[in-house]
Every structure is written in C-alpha cells, then in structure tokens.
Amino acid sequence: MGATAIAIPYVVFVWWFSTGAVLLLVGLAARHPAAFKWGTAAAFVAALSGVAVSSQAAEDADAYCAFTCAILLWGTVEMSLLAGWITGPRPEPCPRDCTPLGRVGFALQAIAYHELALIATAGLVFAVTSGAPNRLSWWTFAALLVLRQSAKINLFLGVRTLNDELLPQQVRFMRSYFSRKQINALFPFSIVAAVGATVLVAAGALNAASSFDGVALSLLASLIALGALEHGFMALPMPVINLWRWSSHPEPVAVTVPAAAVPVPLRLAPLPPFARPVLAVVPDGAVPAERPVSAKTAAAAARQRLEEQFRQAYRQARADAQSQTITGLTAASIPTTVDPSTSAQGGVP
C-alpha cells in the first residue's frame with residue numbers, strides 16, 4: 001500500500017523535473033556539443049537496458065524502475081529534437097502563402113525524422129518487453145507517444161495558449177506551424193479521451209489483484225492524467241511556462257540609444273541590432289548562430305562609437321569655422337595701393 005501511495009507525487013515530480021531537465025541540458029549543450037551527443041547516446045542505451053532488465057520481474061520496485069527508464073528513454077529522443085539533431089528533411093518555417101494542404105505537408109517534412117525515431121524507439125521497447133511479466137515500460141512509452149501526438153495535432157490546428165516560449169532557438173521554426181484559436185474541433189475529443197483513459201486505468205489500479213499491478217496502473221493513470229492536464233493548459237487564458245522558467249537561460253538585453261538624445265548629424269549612422277543568443281549550437285545539425293553579445297560589451301561599443309562620431313562632428317565644425325575665418329581675413333587684408341617704402345619696412349598702410 002505504501003508503494004502505491006507515493007505513485008502520484010512521484011509521477012508529478014518526474015513529469016515536472018524531467019521536462020525542465022531536458023530544456024536545461026539542451027541549453028548547456030552549446031558548450032560541449034560532442035560530449036552532449038555522446039552522453040545522450042549513452043543515456044539512451046542505459047535506459048533501454050534498464051527497460052529490458054526491469055521487465056523480467058514483477059515487484060513494486062521494478063514497476064518504478066520500468067516507469068523511470070521509459071521516461072528517460074523518451075527524454076533522450078526529445079533532446080535529439082530540441083537540440084536540432086533529428087528533425088526532418090525540411091527544418092524550416094512554414095511559408096506564408098501555402099495552402100492548408102501544403103501546410104500539412106510542410107509540417108510533416110519539418111519533423112518527419114523525429115517522428116520516425118519515436119516510432120522506432122517504441123518498437124524497440126515493445127520488442128524487449130514482449131512476453132515479459134513487467135510491460136509497464138511499453139505502456140508508459142505508448143501513452144507518451146499517443147498524448148504527444150494529440151498535443152502536436154492540437155497545436156497545429158489551433159489552441160488558445162501555445163506555451164512555446166521555452167522552445168530552443170534551433171527549433172523555433174516549429175512555432176510557424178502552430179495556430180492560435182479559441183478552440184479546434186479535435187480538442188474536446190482529446191480532453192474526453194485522456195480523461196476517460198485516466199478513469200479506466202485508475203479503476204483498474206483500485207481493483208488490482210496484486211501489489212505490483214496496483215503500483216503499475218497507478219503510475220500509468222497518473223501519467224495519463226498529467227497528459228490531460230497539459231492539454232488543459234492549452235485552453236487556459238494564461239501561459240504556464242513559469243513552471244519551468246528555472247530551466248531557461250536568460251538572454252542578454254540589447255542596449256539601445258534613444259533617437260532624441262542623439263544629435264541630428266549623428267543619426268545618419270544608426271547602431272546595428274545586436275544578435276540574440278542561441279540556447280544550443282549544433283555543428284552538424286541546425287545552422288550555427290552568432291556568438292551572443294553581452295550587455296556590458298554592447299554598452300561599451302555603443303559608447304565608443306558615439307564618442308567617435310562626436311569627435312568627427314567637432315573636428316568638421318572647427319575646420320569649417322577656421323576656413324571661414326581665414327577667408328574673411330584674406331579678403332579684408334588686400335590693399336588698394338601700397339607704399340613701396342612702407343612695405344620695405346614691413347608695415348601695412
């Protein structure tokens with residue numbers, strides 16, 4: 001009974017922490033991209049091995065192990081997408097002038113390879129757990145796959161709140177395939193299906209014949225309930241990204257100079273916009289971005305440029321004034337008649 005009682009808080013914590021951890025790791029991948037790739041591959045192999053080992057026993061601890069390994073396996077595949085390694089044959093924004101049918105085709109091309117990777121991973125989980133007494137890893141991965149596909153389709157068709165602000169720079173192109181609407185025709189059916197599945201699995205957990213079945217079904221019911229909650233987030237009038245704000249990297253603030261504070265001659269050469277940072281740089285995946293410029297460096301560059309422009313304007317104004325003064329003195333000093341004797345003495349009549 002104790003193992004079943006902690007199932008719900010455990011799933012909530014794993015759902016919240018794993019989502020933020022994936023975003024945080026993808027953000028740190030820019031510093032050591034090669035090590036991050038090898039680490040993700042090693043985590044994938046370790047998680048799949050854990051799935052295979054935990055599937056051979058049907059104890060309470062094995063239920064938690066199988067569930068955790070399935071979540072870890074799912075997270076490694078998701079990191080490959082968010083880091084820009086596995087996306088699709090056309091990882092580009094949706095054209096503005098495409099038809100509705102063309103938009104569907106472009107959306108599939110944008111993430112086709114990732115979808116195939118998810119299906120292939122699901123096949124591996126099914127294969128290593130086939131005929132085993134503990135198949136919770138398979139049911140967990142299958143539930144994640146169905147819930148995620150439902151969420152993607154609803155984002156494509158249009159929802160009230162997208163909650164896409166934490167998407168890394170490498171995959172920001174996917175935002176062009178999202179739509180903002182009050183509701184779409186599929187959304188109510190998605191909510192009803194997720195809630196109905198939660199109720200059925202939870203009822204099975206309450207009537208489980210063994211402790212293992214009760215723990216496994218409780219974990220699965222909690223996960224499906226969180227999937228329904230994520231769908232509900234799309235209908236809220238406010239974003240919920242603050243739940244994972246700790247996993248994002250702050251972007252440096254670009255320093256701008258108000259136009260009213262700059263003299264008119266200096267407004268002819270406006271300062272160029274500063275590049276925004278990228279959460280991850282992938283050498284052979286997404287297109288590398290420029291190195292982020294810090295606010296301190298940007299402010300120093302702006303100040304130096306303004307000082308140079310002021311110096312140039314001051315030199316030009318002084319040169320013009322001197323030129324006008326010399327011209328006036330020259331015109332005033334031309335004599336009409338000159339006494340040779342006075343000129344010989346060096347005087348001016």
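Among contacts in the chain between residues at least 6 apart in sequence, what percentage join residues at least 24 apart? The share is 77%, where a contact means heavy atoms within 4.5 Å.

This is a predicted model, in which local features need pLDDT of at least 70 and side-chain atom pairs count only at pLDDT 80 or more, while totals for chains, interfaces and linings use all residues. Residues are numbered from 1 along each chain as its sequence is written, and side-chain values use heavy atoms, with hydrogens and water left out.

The chain has 10 helices and 0 strands; helices (H or I, at least four residues) and strands (E, at least two) are DSSP runs, numbered from the N terminus. Of its 349 residues, 36% are buried, that is, under 20% relative accessible area with a 1.4 Å probe, protein chains only.

| α2 | 7-28 | Ala7, Ile8, Tyr10, Val11, Val12, Trp15 |
| α8 | 211-233 | Ser218, Leu219, Ser222, Leu223, Leu226, Glu230, Phe233 |

The residues of this contact divide into 10 nonpolar, 2 polar and 1 charged. Here Ala, Val, Leu, Ile, Met, Phe, Trp, Tyr, Cys and Pro count as nonpolar, Asp, Glu, Lys and Arg as charged, and the others, Gly among them, as polar.

The axes of α2 and α8, lines fitted to C-alpha atoms over the stretch in contact, come within 9 Å and cross at roughly 50 degrees. Therefore α2 is oblique to α8, since angles under 35 degrees count as roughly parallel, over 145 as roughly antiparallel, 65 to 115 as roughly perpendicular and the rest as oblique.

Conventions. Buried < 20%, exposed > 50% of the residue type's maximum accessible area, 1.4 Å probe, protein only. Axes fitted to C-alpha atoms, helices over the stretch in contact; angles between N-to-C directions.
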